[in-house]
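Me: I've just opened this one and would like to learn how to read it. Can we go through it together?
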Amino acid sequence: MKADRKNLIAVCGKGGSGKTALTALLAKYFLQHKNGKLLVIDADPTMCLPGTLGVRADITVNDIRERIIREARSAGNREKRNLARSLDYMLLEALVETESFSMLVMGRPESLGCYCPVNDLLREGIKSMASYFDTILIDGEAGVEQISRQVIRSVNFPLIVSDVSARGLQTARLIREVIESHNIIQYEKLGLVLNRVRNVYDARQLAQKTGIEIFGCIPEDEIIGAFDMQAVPLLDVPDDSPAYQAVFKMLSNF
């Protein structure tokens with residue numbers, strides 16, 4: 001990836017495919033090999049990414065969303081305008097800042113119903129905040145619908161993560177079809193990342209049937225499994241980890 005450009009990467013795929021671990025390894029790569037500021041956004045309602053990166057998020061974007069909805073119900077026009085103007089400050093409250101990167105956690109929405117104006121406000125606020133960063137990594141749900149609706153509508157690279165199971169590859173193909181047929185998100189280049197691969201040749205042969213360009217193959221890695229079991233942040237994975245080496249190779253040749 002070019003060092004002089006802004007990189008926006010959205011990671012999606014079916015549950016259990018390893019999206020969060022891949023996002024953490026991507027973060028490790030950008031922290032080690034690219035200059036500039038890194039923002040990581042956890043857009044998966046399971047909210048596993050903070051622990052995987054070794055940080056804690058006390059306030060989520062959806063906490064802010066609920067606050068806006070609650071206060072707007074009893075507010076007049078002037079108060080509503082003040083709420084909108086204070087959005088940037090509220091988002092800063094939710095921003096987790098470490099010495100090496102920053103993080104936003106979307107969280108789980110609690111209110112039922114459609115609050116499109118609130119989502120639009122938050123999305124514009126996040127877009128404005130993201131403009132101050134050089135690289136933005138988004139760990140999303142299975143598809144990119146939530147990313148488009150609540151986070152951002154344009155990314156450089158959507159990465160669809162899958163294992164080599166028939167169900168996983170079928171889900172990857174469906175995600176690609178939804179992205180392309182419904183024009184959900186604007187992107188530069190979309191690709192497939194095969195995770196927990198044991199045989200690269202066989203995995204590539206199976207994955208070619210999806211019709212999606214294969215960006216990389218991440219091998220099954222006992223180190224990743226051990227770190228996960230012990231709740232050790234994946235940013236501390238050694239550089240010679242097979243999974244991290246595969247991520248390094250993938251991004252170096254992008």
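Me: Which strands does helix α9 lie across, and at what angle does α9 run to β9?
Reply: Helices (H or I, at least four residues) and strands (E, at least two) are DSSP runs, numbered from the N terminus. Here, α9 (residues 200–207) lies across β9 (191–197) and β10, running at about 140° to β9. Angles run from 0 to 180 degrees between N-to-C directions of axes, lines fitted to C-alpha atoms, for helices over the stretch in contact (heavy atoms within 4.5 Å). Bear in mind that this is a predicted model: local features need pLDDT of at least 70, side-chain atom pairs pLDDT 80 or more, while totals for chains, interfaces and linings use all residues. Numbering starts from 1 along each chain as its sequence is written, and side-chain values use heavy atoms, leaving out hydrogens and water.

Me: In what order do the eight strands sit in the sheet?
Reply: Strands pair if DSSP finds at least two bridges between them. The order is β3-β4-β2-β5-β1-β7-β9-β10, in an open sheet with mixed pairing. At the edges, β3 (96–97) and β10 (214–219) each pair on one side only. Look inside too: β2 (38–42) runs parallel to β4 (102–105), joined by four bridges, and Val-40 has Met-103 as its bridge partner in β4.

Me: How do α1 and α11 cross?
Reply: Their axes come within 10 Å and cross at roughly 65°. Among the residues that meet are Leu-22, Tyr-29 and Phe-30 of α1, and Tyr-244, Val-247 and Phe-248 of α11.

Me: What lines the largest pocket?
Reply: A pocket is an open set of 1 Å grid points where a 1.4 Å probe fits, with protein on both sides within 12 Å along at least five of seven lines; lining residues have an atom within 4 Å of a point. This pocket has 28 of them, with Gly-18, Ala-21, Arg-196, Ile-224 and Asp-228 nearest its centre. The largest share, five residues, comes from α1.
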